[in-house]
Amino acid sequence: MSLLPVRLTAAAEKSSALGRHIGNFELPDALGALHTLDQYADSPLVVVAFVGVECPIARLYAPRLEQLARDYADRGVTVLAIDANRQDSLTDLQKYVNNHGLSIPVLKDSGNSVADRFGALRTIEAYVLDERRIVRYHGRIDDQYGVGYSRSEPTRQDLRVAIDELLAGQPVSVPQTKVVGCFIGRVRKPQSDARVTFTRDVAPVLNRHCVECHRDGEIAPFPLTSFGEAVGWGETIAEVIRDQRMPPWHASPAHGKFANERFMSDDEKQVVYDWVAAGMPQGSPDDLPPAPEFVEGWQLPRKPDQIVNMRSTPFTVPAEGTVEYQYFAVDPGFTEDRWLAGAEVVPGNRNVVHHAIVFFSPPGGRGPQGLGWIGAYVPGFRPPEPVSGLARRIPAGSKLIFQMHYTPNGSPQQDTTKIGLLFADPDSVTEELVTEIAVDAKFEIPPHAENYRITTTRRYWPEGGRLLALTPHMHVRGRSFRFVGHFPDGRSEILLDVPNYDFNWQHTYQLAEPLDLPKGFELECIATYDNSANNPVNPDPTIPVTWGDQSWEEMMIAFFEVAVPRGALAPRRKAREITDDERRRAEKIANDLLARFDRDGDGRIARSDVPSAFAAFAFPRFDANNDRWLTRDEILQEALRSVRR
């Protein structure tokens with residue numbers, strides 16, 4: 001396998017710019033005004049940061065560069081940003097300046113000559129030049145943002161520390177740090193005899209695996225639908241394929257077969273590596289394949305029968321900080337039961353919507369068996385194709401609950417997420433789709449635990465059910481998730497293994513063939529967590545971690561999509577005798593809830609006392625008289641219904 005461009009880059013990254021003298025250079029800004037390094041001769045320090053308008057990390061750090069310039073202006077420090085990407089036009093650069101409200105000079109290095117002089121490879125990559133314009137610091141701005149992770153705040157502000165030490169006349173204590181981010185899109189000379197070209201060889205690979213998301217208006221930060229768009233990203237594309245970050249898929253190929261799996265073959269990977277190694281030649285326009293066709297704005301097979309917005313006015317996401325989960329209840333106006341054949345959740349602003357889940361809440365909280373799940377949006381999720389005869393029943397009078405998780409991206413944003421619904425003819429429905437769950441919320445992950453294991457098992461299934469899909473859910477300490485089926489005949493089988501769980505890429509794994517769920521079948525769910533300092537996304541390895549909505553807390557949930565013969569659920573809801581074991585389990589649930597949330601010890605729980613997720617779509621199930629208080633009897637009755645399902 002030819003990994004030449006990756007090896008060259010790796011070698012270059014080991015070299016150091018420390019001690020290098022940077023001579024004068026002249027570059028234009030987005031409006032054409034020329035700037036030179038020498039014009040800042042009076043500045044004791046000059047900070048130079050290489051940026052890119054579409055690189056996610058460069059977007060996040062743009063406001064920080066501006067703040068840095070303001071904080072050190074009275075001490076004479078100059079901050080310059082330089083864009084050396086061949087794919088970024090002056091118009092793109094001006095949009096970047098405007099979107100982030102930048103007043104610092106943002107310059108265009110069209111031929112990479114200044115980037116070459118520094119030896120810069122990535123965005124954002126920062127340098128501090130002393131009064132003689134010698135490089136005294138080279139590396140990252142801080143450690144808050146990286147590839148695939150985001151901390152609530154940095155643990156070390158490397159660039160600021162370096163500036164402070166130099167201004168104090170001291171040597172930089174940590175003069176070089178590792179830089180993460182996108183490769184600078186350099187201008188390269190293609191090999192004239194290259195065997196691989198973009199139009200003939202690379203474009204078909206991108207069409208099959210990438211442009212579904214890497215096109216205008218979709219989740220990916222930049223499009224890859226043409227040579228001009230892709231050529232500047234060649235080395236980054238090769239790197240993310242080599243590191244198995246793209247295409248996004250986290251199931252081990254050793255276990256299970258999935259209808260929606262995203263595997264790139266070794267031959268396809270080789271095409272990309274060879275193209276980058278050859279200098280990324282374009283090829284003949286006549287060889288370019290037709291562009292894939294997509295449903296405009298929706299991935300559903302037809303336009304939705306009904307579209308429901310999460311609210312009538314946009315929700316404003318702040319530029320920085322942590323946004324707690326938001327819940328929005330919407331009345332879709334269902335005056336009769338509706339059978340849902342398909343649904344797609346579409347974020348209004350993909351830059352800040354980390355994930356969205358839409359549930360239905362029946363009147364009084366009483367509804368069909370299973371979780372009131374309708375649909376979800378997470379990075380990499382594709383709504384399953386509707387199946388003839390299969391639909392989900394939503395009772396008349398139900399409300400839709402949007403659970404929204406936002407991640408700020410450096411500038412204020414607005415979002416109005418929506419869901420598109422496809423209805424089925426009730427007479428055509430032969431199977432009802434329900435979402436079952438397995439959950440363990442009674443855990444405490446110890447501080448510094450590197451491989452903490454939590455296990456729960458789903459033992460009861462709707463009669464005649466077929467398992468269609470599996471979805472693991474954890475937060476940033478989640479390390480791996482495995483589903484093991486135990487059959488009545490004594491055999492066991494790993495149905496799904498996710499050895500490297502990634503909170504940023506949560507998938508629903510659709511079985512290639514549905515799995516019958518015979519009586520006595522059990523599905524064991526095994527999750528491991530890394531609460532150690534070795535986990536780069538761990539917010540704090542020194543504290544114990546318990547259940548909670550926010551990403552710095554944890555969850556252990558498995559979702560199961562199950563098809564059940566129509567009418568088969570009714571017997572499950574008929575009253576029967578409660579076993580002693582079920583009563584003991586229900587009593588424990590009631591006691592635990594009261595112990596946790598009954599703050600004043602009066603034997604009741606107020607709606608305001610529980611977490612927002614519980615209040616939004618679980619509280620109504622318990623609150624039988626709708627008085628916004630839960631008594632022990634109400635909790636016990638709902639717990640009894642739950643344990644005997």
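Strand β25 (residues 478-486) pairs with β26 in the antiparallel sense over 6 bridges. Strands here are DSSP E runs of at least two residues, and helices are H or I runs of at least four, both numbered from the N terminus. Two strands pair if DSSP finds at least two bridges between them. This is a predicted model: local features need pLDDT of at least 70, side-chain atom pairs count only at pLDDT 80 or more, and totals for chains, interfaces and linings use all residues. Residues are numbered from 1 along each chain as its sequence is written, and side-chain values use heavy atoms, with hydrogens and water left out.

**The sheet with β25 and β26**

- His486 has Ser492 in β26 as its bridge partner.
- The two strands belong to an open sheet of 4 strands, in the order β23-β28-β25-β26, with antiparallel pairing.
- The edge strands are β23 (452-458) and β26 (492-498), and each pairs on one side only.
- Neighbouring strands of this sheet are turned by 20° against each other on average, direction ignored.

**The whole chain**

- The protein chain holds 14 helices and 31 strands.
- Its radius of gyration is 27 Å, close to the 26 Å that the globule rule gives for 645 residues, so the chain is as compact as a globular protein of that length. The radius is taken over C-alpha atoms, and the rule is 2.2 Å times the number of residues to the power 0.38.
- The C-alpha atoms fill a box of roughly 85 × 65 × 50 Å, taken along the principal axes.
- Of the 645 residues, 55% count as buried. Buried means under 20% relative accessible area, exposed means over 50%, and partly exposed lies in between (1.4 Å probe, protein chains only).
- Among contacts with a separation of 6 or more, 79% come from residues 24 or more positions apart. A contact means heavy atoms within 4.5 Å.

**The mixed sheet around β4**

- An open sheet of 5 strands runs in the order β5-β4-β3-β7-β8, with mixed pairing.
- Its edge strands are β5 and β8, each pairing on one side only.
- In this sheet, too, neighbouring strands are turned by 20° against each other on average, direction ignored.
- In strand β4 (residues 78-83), 6 of the 6 residues are buried, so β4 is largely enclosed by the rest of the structure.
- Both faces of β4 are covered: Thr78, Leu80 and Ile82 are buried on one side, and Val79, Ala81 and Asp83 on the other.
- In a regular strand the side chains alternate between the two faces of the sheet.
- β3 and β4 pair in the parallel sense over 6 bridges. Phe50 stands opposite Ile82 in β4, and Val51 has Asp83 as its bridge partner.
- β4 also pairs with strand β5 (residues 106-108), in the parallel sense over 3 bridges. Here Ile82 stands opposite Leu107.

**Crossovers and helices on this sheet**

- β3, α2 and β4 make a right-handed β-α-β unit. Right-handed means that, with the strands pointing away from the viewer, the path from the first strand over the helix to the second runs clockwise.
- The chain then crosses from β4 through helix α3 (residues 90-99) to β5, and this β-α-β crossover is right-handed.
- α3 lies across β3, β4 and β5, running at about 170° to β5.
- Helix α5 (residues 158-167) has Asp158, Leu159, Ala162, Ile163, Glu165 and Leu166 as its buried residues.
- Seen down the axis of α5, these buried residues fall within an arc of 165°, so they line one face of the helix. The arc is that of the directions from the helix axis to the C-beta atoms.
- Their cover includes β3 (46-51), α2 (56-72), β7 (125-129) and β8 (135-139).
- Just after α5, Gly169 takes a positive phi of about 80°.

**Strand β19 and its partners**

- Strand β19 (residues 399-406) is mostly covered, with 7 of its 8 residues buried.
- Strand β14 (residues 326-330) runs antiparallel to β19, joined by 5 bridges. Gln326 stands opposite Met404 in β19.
- Strand β16 (residues 353-361) pairs with β19 in the antiparallel sense over 8 bridges. Phe359 has Ile401 in β19 as its bridge partner.

**Leu569**

- Leu569 sits in helix α10 (residues 569-572).
- At 2% relative accessibility, Leu569 counts as buried.
- The C-alpha atoms of Leu569 and Val187 are separated by 63 Å, and the two residues are 382 apart along the chain.

Notes: Axes are lines fitted to C-alpha atoms, for helices over the stretch in contact, and angles run from 0 to 180 degrees between N-to-C directions.
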